[in-house]
Amino acid sequence: MLQSIGVTNIDELFEEIPDHVPVANFRAIESSLTEMEMVFRLAERAKQDELGSCFLGAGSYDHHIPAAVWDLATRGEFLTAYTPYQAEASQGTLQLLYEFQTMMASLADLDVANASVYDGGSGLGEAILMAVRSNRSARNRKIAIGGAVNPFYVKTANTLVRNQGIELVQIPHENGVFDPNQCPIDDPNVVVVQQPNFFGLLENVDAISNWAAERNALLIAVVNPLTLAVLKPPGEWGGSGADICIGDGQPLGVPMASGGPSFGFLCSKMKHVRQMPGRIVGRTVDANGDVGYTLTLQAREQHIRRAKATSNICTNQGLLVTAATIYMSIMGVSGLRNTASRCHENTKYLVAQLEATGRAQRAFHSPYFHECVLRCAGDVGALTKSMIADHGILAGLPLGEIDESLDDCLLLCATEKRTHEEIDHFVELFNHILKEA
Amino acid sequence: MSETPQELRYTDTHEWARVEPDGTVCVGISDFAQDALGDVVFIELPETGTEVAAGAEVAVIESVKAASDIYSPVSGEIVRVNDQLTDAPDLVNSEPYDGGWIFVVQPLSDDLSADLLTADQYQEFCETDSNAH
Amino acid sequence: MPTIPTIFDTSKPGRLAGGQTPKEGDLTGLPDELLRESNPVLPEVSELQAVRHFTNLSQQNFSIDGNFYPLGSCTMKYNPRGAHRAASQPGFLNRHPLTPAFASQGLLSCFWDLQETLKTVTGMEAVSLVPMAGAQGELAGGLMIRAYHEDCGDFERDEILVPTAAHGTNPATATMCGYKTREIGVAADGDVDIEDLKRVVGPKTAGIMLTNPSTCAVFERRILEIADIVHDAGGLLYYDGANLNAILGKVCPGDMGFDVLHLNLHKTFATPHGGGGPGAGPVAVNSLLQPYLPIPMVGKLDDQYIWLDESYFPLTIGKLAAFMGNAGILIRALAYALMLGREGMVRVAEYATLNANYLAAELSKAGFQLAYPTRRATHEFLITLNKEAKDLGVRALDFAKRLLDFDMHAPTTYFPLLVPECFLIEPTETETKTVLDEFVSAMCKIREEAQENADYVKQAPHNQVVRRLDEVRAARELDLSWSGTEG
Ligand SMILES: Cc1ncc(COP(=O)(O)O)c(C=O)c1O
């Protein structure tokens, strides 16, 4: 090969690099391991982190995933394909994405879904940028954020939007829910509400949607896609429905995996489609008139529109979308409905049992879905620590760091995976630890 | 070779401008430009009533693989837009100088000769422009 | 080959995968007006139907596992299954993102090791692993540059310089950072036009974004001079690490004068592309920008690994993800780095460069035109099919589509825009000489076909599941979700 190139050694191939000096410190990097050695090392570390029952949600949920989902998603043809720019060689991925768009748009009852953005947090940032571009007649760039929108999402969105002169205005929550009367500004350009909200509570989405519409503000719905199998979809909220719906797809067949990779989804009314970020697949025909699929509306994207693109996103979270599509197909309408309703029932059971100990009480009284805030008689930080250290149980999220007035509160969740035995055991430990303290 | 009607004026960003009997200026993109863009799939039209300065971006025209801004050749107010293009963007390809017009400006002054190119100048411009590629 | 009906077409109301349907839960007590009335359009199929559908769909894809995939700038190399397996262990997969650090020492030690490795590889001071892809790394970098200037009391700098040949994410990122993009020209030899750079650089320059090797697939030889020019004007240098594969262990961005950079772990560190993602785009910085890194990072305190958040980094640009970014991809990248080791890393650059130069030489001998014939190929190279387009009427697009019929994925086409009718070809280090030779034969064969019957090539592909698709119709008559059985 060197001969064909016309050089005598490999170093000559690097002759254009000026002052070619070896990388300093490169020797600090370890010598190579075999696969066996590497797996052994990482297995030891993974083992260290194994825990038992999870009663923690707050944006990442411990659901059952049918075995077939990842067996299929990790077929080499899905796993090791590139972005489907060459449509004729990527019909598998493209058709799958079209089916995904159909499922997501329908879950949200909106016209169109993209495929995909990075995660729920950055998805909220993208949705805000999209809404601001779409609501061009608006007088300002102020976004009213409901008080119980996931605080991790809000922080992330703020990183993404603040340098474009966009201001996020937080509405204080009233008893854990969105209260328009608390909104510090009159004329928001965009309103953001989450359903179920970060505290697990159900918002009065019809009223909030109408309130936003009266102010000519666009409405962004932040949702958990699994709950849409039983909750009213954003497209049907109030008189005109939400304009944009975003969320994290993790509950749809994606392992918690420390928070990533997961994927963000984004749906909207058709009139906003040209402001959408991310890739979109369309159905069309080929030269023979047969059905086929291709990426479309690409003139929105960075590779064509460059500085004026709707987003800089390029590589997205395709494989997770693949898993979610397979998950939704296997679960179907009943699987999704029953999973969602079972989560609700299990959480209700958990809350009732905890309240029965006399050491915990619901902090808010609006109806909740599958997460709930409980005020506890004791130090919740010490409780969660002991639960992990002594029992391997994740006992929920202490809320003090997020809201000072909730520093004796835990946010808890029981998915369809938690059995009554697990819950009873957890409640017993809960009672015991708080009694001893 | 693309068509470049003599009676129109042109810009170096490939718009054409035609002074209408009522003094307004009708704007579209040249045959050369539509050919370079390929099949037009969407046009983002300006809103009527918008004040524009000469050289300001007022519309966007998209093909499958490209998007380009359309600039107003004159200063004034947008008084009409071609709504037909919403459903039939291909008019820009098939009739760039007729059915494919994009918007009409009521100009602030009625002298637009100064900065715009004649058909011959524009043709020459296109030739050098395409050789550069 | 038949097209596959959508999964909705095969769906029957009431059919389900019994084994996957938990017992229904009780919803009484939830307000009626908050509940859903109609069912969503989801498939109602058996588990086997779903498995077969997606298996059949997968078989309509090209992939690295099945095909040569010489996509320039994308680094489609083999993705070792061992890395995937290592990241898929229960301790990693089932870890809730909010598990406290004391119960996550295994994971945090992995992140720490990866941070250290990437610091060494890039020659930079500190690393944050959070960004979820290259473009998000660019965003983090742009925001850090902005934060730095603003902290210096300098609010006048509102321009980012990028070469005309830059990847689209560069200017798109500048906009997201609230900056204007100023393009600088590329000289005839593929290097940045230094005179043009000198003309546009100045007190408004916040920074410059460069890829090196550049998107013209050559090494930017005057990089140190560029660094001086931009630094002298008060701007910072951003290194787009998309092409790091070419120089791994040979030279590092830190030694080229860069202040901040991202790596694409899904390229250089071989994490699978997944049909579009996920990736990971860690950022590395020198000490100037260290205070602004996106959180969280992993630190070490008395032998314990800890999360470094706002309390340690009060000047951070903030969060870029709800949690920690694409943690699972980071583990795969670490696994790959461990298997490469220091010997392997240098080999990556050497074999990638060898393969590219060999393929360039062979294509050139076969009569194809290199875009920069006087330059050494890096890990990739550009050819222009302008002559074929003019003489035969067969464009780069047609060559690309016809290559599919030879079971080879097309190279990157029409990027950078600057070179007409171009192919950006990156064979990667994991291909054998035989595959490269087959690619040359295929290109020659297609050219022969074009000489005999141009239309045949222009109508390619011929052997794929579909013929060439009507993209104009897709964009004009938007059909973005299934709405009934009729196609
Ligand atoms: C040169 C260059 N820069 C930036 C990017 C963007 O990286 P990502 O796709 O990971 O966001 C890419 C990859 O597509 C690239 O090739």
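Trainee: Is Asp109(A) buried or exposed, and what is its phi?

Mentor: Asp109(A) counts as buried, because 21 C-beta neighbours lie inside 10 Å of it and the cut-off for buried is 20 or more. Keep in mind that this is a predicted model. The backbone at Asp109(A) has a positive phi of about 50 degrees, although the residue is not a glycine. Most residues other than glycine have a negative phi, and most peptide bonds are trans. You will find Asp109(A) in the loop of chain A that runs between helix H5 (91-108) and strand E1 (112-113).

Tyr414(C) is not a glycine either, and its positive phi is about 55 degrees. Tyr414(C) sits in the loop between strand E12 (412-413) and strand E13 (422-425) of chain C. With 17 C-beta neighbours inside 10 Å, Tyr414(C) counts as partly exposed, whereas Asp109(A) counts as buried.

While you are on chain C, look at two peptide bonds that are cis. One goes from Gly277(C) to Pro278(C), with omega near 5 degrees. Pro278(C) belongs to the loop between helix H9 (265-268) and strand E7 (283-285) of chain C. The other goes from Ile295(C) to Pro296(C), and its omega is near 0 degrees.

Now back to chain A and its layout. Chain A is divided into domain 1 (67-326) and domain 2 (332-436). Their C-alpha centres lie 29 Å apart. Where the two domains of chain A touch, 13 residues of domain 1 are in contact with 18 residues of domain 2. The domain 1 side of that contact has nine nonpolar and four polar residues, and no charged ones.

Chain A also has an open sheet of four strands, in the order E10-E11-E13-E12, with antiparallel pairing. Strand E10 (360-362) and strand E12 (397-398) of chain A stand at the edges with a single partner strand each, so one side of each has no neighbour in the sheet. For E12(A), two bridges make the antiparallel link to strand E13 (residues 409-413) of chain A. To find this pairing on your screen, look for Pro398(A), which stands opposite Leu410(A) in E13(A).

Next, bring chains A and C together. Their contact takes 154 residues from chain A and 167 residues from chain C. On the side of chain A that touches chain C, helix H10 (residues 318-356) of chain A gives the largest share, 21 residues. By class, that side of chain A has 73 nonpolar, 55 polar and 26 charged residues.

The ligand brings these two chains together in our tour as well. Residues from chains A and C surround the ligand, so the site is shared between chains. Of the 15 residues around the ligand, those that come nearest are Cys314(A) and Thr315(A), together with Gly134(C), Ala135(C) and Ala242(C). The shell around the ligand has four nonpolar, ten polar and one charged residues.

How values were computed:
Residues are numbered from 1 along each chain as its sequence is written. Chains are lettered from A and ligands numbered from 1 in the order in which they are written. This is a predicted model: local features need pLDDT of at least 70, side-chain atom pairs count only at pLDDT 80 or more; totals for chains, interfaces and linings use all residues. A residue is buried if 20 or more other C-beta atoms lie within 10 Å of its own, exposed if 12 or fewer, and partly exposed in between; C-beta atoms are placed from the backbone. A residue is near a molecule or strand if its C-beta atom, placed from the backbone, lies within 6 Å of it. Ala, Val, Leu, Ile, Met, Phe, Trp, Tyr, Cys and Pro count as nonpolar, Asp, Glu, Lys and Arg as charged, and the others, Gly among them, as polar. Two residues are in contact if their C-beta atoms, placed from the backbone, lie within 7 Å. Two strands pair if DSSP finds at least two bridges between them. Domain bounds come from an automatic or database domain assignment.
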